[in-house]
Amino acid sequence: MPVQRYASVIRLRGELEAEYRALHAAAWPEVLATLKRANIGNYSIFLRDGLLFSYLEYTGEDYAADTALIAECPVTRTWWARTDPCQQPLDSVGDGEWWAPAEEVFHLE
């Protein structure tokens, strides 16, 4: 399967930046293993001026099904219960979105 690239953006609540950084500095092994089982790799989150930018590469065949498997993991849901309060969706997100998808406008292989 060719690699599919996904990027998204969300605001970081400034008063919770230290907590968010601490959580990701010691990311939970089961959360990381679940991401890998869902064919997600080369995953990074960047921070600039209060905006979190995530980038990941997906190598599976059914992104929707694999991300649903992530959401079914109880440990991941507990992780989200810790990280979600640190985040604030952009005004432009659609219904049911948390992180706002970013459109790829350039890629150099």
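Visitor: What radius of gyration does the protein chain have, and what would a compact globule have?
Guide: This is a predicted model. A compact globule of 109 residues would have a radius of gyration near 13 Å. The protein chain has 14 Å, which agrees. Its C-alpha atoms fill a box of roughly 40 × 35 × 30 Å along the principal axes.

Visitor: How many helices and strands does the protein chain have?
Guide: There are four helices and five strands. Read from the N terminus, their order is β-α-α-β-β-α-α-β-β.

Visitor: What share of the contacts joins residues 24 or more positions apart?
Guide: Take the contacts with a separation of 6 or more. Residues 24 or more positions apart account for 72% of them.

Visitor: Which part of the chain counts as buried?
Guide: Buried means under 20% relative accessible area. In the protein chain, 26% of the 109 residues count as buried. The chain exposes about 7,300 Å², and carbon and sulfur atoms supply 55% of that area.

Visitor: How many positive and negative side chains are there?
Guide: The protein chain has 9 positive and 17 negative side chains. The centres of the two sets lie 7 Å apart.

Visitor: How many disulfides does a search of the whole structure find?
Guide: A disulfide is a covalent bond between the sulfur atoms of two cysteines. Here the search finds zero. Cys73 is in no disulfide, and its nearest cysteine sulfur, that of Cys86, is 19 Å away. Cys86 is in no disulfide either.

Visitor: Are Cys73 and Cys86 buried or exposed?
Guide: Cys73 is buried, with a relative accessible area of 8%. Cys86 is buried too, at 0%.

Conventions
Residues numbered from 1 in each chain as written. Predicted model: local features only at pLDDT ≥ 70, side-chain atom pairs only at ≥ 80, totals over all residues. Heavy atoms only, no water. Helix = DSSP H or I, 4+ residues; strand = E, 2+ residues; numbered from the N terminus. Rg over C-alpha atoms; globule rule 2.2 N^0.38 Å. Buried < 20%, exposed > 50% of the residue type's maximum accessible area, 1.4 Å probe, protein only. Contact = heavy atoms within 4.5 Å. Areas by Shrake-Rupley, 256 points an atom, 1.4 Å probe, with all protein chains shown as cover. Lys, Arg positive; Asp, Glu negative; His and termini not counted. Charge placed at Lys NZ, Arg CZ, Asp CG, Glu CD. Disulfide = S-S within 2.5 Å.
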